[in-house]
Amino acid sequence: MQLGRICFVLLCCAALQAQTPAPAKSKSTAAAPASRNPATLGQLMKGILYPNSNVIFFAQGDNPADVPPAKDPATAVNPLASSYGKWEAVENSSLALVEAANLLTVPGRKCSNGRAVPIANADWPKLVQGLRNAGMTAYKAAQAKDQDKILDAADAMTTACANCHDKYREKPTLADRCK
């Protein structure tokens, strides 16, 4: 009787082993992991830098405190009219630009044309620092709720953007960008 139980257990183990999937492939043959930075430089510009810069540029001529809340501020697409609107939106957009500068230095990020973002170029860190500095200037101006200081911040933003665009974006063809 004991021998029957042992045989039964061994048969069950053998059956389970036969159903167990093969071990995973080695790292060299495994599928490549998803990119840690799926957005291209152009997508970062369109999704983070452009809309947040526009919040700062708006504050040059219009007082953010005067922006009425949206019908439903929780779902507002205009940050200035959202639940976190007015000057707080300018503060948040300024800090988003400062933080986005970090995304411009992530290794492996590509430009829209497939070229690598030129993070190894000597001027790239300086250009990115210009964006950080402009974002912090805008943040301090927004904290002070000072439109005169926002004018200076917007000028710093324009300069930071133009410095990079003149070197890496304003090219005759898309293929020439990020060189």
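**Figure 1. Lining of the largest pocket in the predicted model.** In this predicted model, the largest pocket is lined by 27 residues, and those that lie nearest its centre are Leu 41, Gly 42, Met 45, His 165 and Arg 169. The space that lies in the largest pocket comes to about 580 Å³. Three helices, namely H2, helix H4 (124-144) and helix H5 (147-169), each contribute at least two residues to the lining of the largest pocket. Sorted by residue class, the lining of the largest pocket consists of 17 nonpolar, six polar and four charged residues. Rolling a probe the size of a water molecule over the atoms shows where empty space is left.

Figure 2. Phe 57 is found in helix H2, which covers residues 41-61, and H2 is one of the helices that supply at least two residues of the lining of the largest pocket. When residues up to four places away in sequence are not counted, Phe 57 touches Ala 154, Met 157 and Thr 158. The C-alpha atoms of Phe 57 and Ala 154 are separated by 5.9 Å, although the two residues are 97 residues apart along the chain. Phe 57 has a relative accessible area of 26% and is therefore classed as partly exposed, since that class lies between the limits of 20% and 50%.

Figure 3. Ser 94 lies in helix H3, which is made up of residues 86-103. Because its relative accessibility is 0%, Ser 94 counts as buried, the limit for that class being under 20% relative accessible area. Leaving aside residues up to four places away in sequence, Ser 94 touches Ile 56, Gly 135, Ala 138 and Tyr 139.

**Figure 4. The protein chain as the setting for the close-up views.** The protein chain has five helices and zero strands, and from the N terminus on its elements run α-α-α-α-α. Of the 179 residues of the protein chain, 28% count as buried, and Ser 94, at 0% relative accessibility, counts as buried too. Among the contacts in the protein chain with a separation of 6 or more, 64% are accounted for by residues 24 or more positions apart. The protein chain exposes about 11,500 Å², and carbon and sulfur atoms supply 59% of this area.

How values were computed
Residues numbered from 1 in each chain as written. Predicted model: local features only at pLDDT ≥ 70, side-chain atom pairs only at ≥ 80, totals over all residues. Heavy atoms only, no water. Helix = DSSP H or I, 4+ residues; strand = E, 2+ residues; numbered from the N terminus. Buried < 20%, exposed > 50% of the residue type's maximum accessible area, 1.4 Å probe, protein only. Contact = heavy atoms within 4.5 Å. Areas by Shrake-Rupley, 256 points an atom, 1.4 Å probe, with all protein chains shown as cover. 1 Å grid on protein atoms, 1.4 Å probe; cavity = no way out; pocket = protein on both sides within 12 Å on 5 of 7 lines; lining within 4 Å. Points joined across faces, edges and corners; volume = space filled by probe spheres on them. Nonpolar A, V, L, I, M, F, W, Y, C, P; charged D, E, K, R; others polar.
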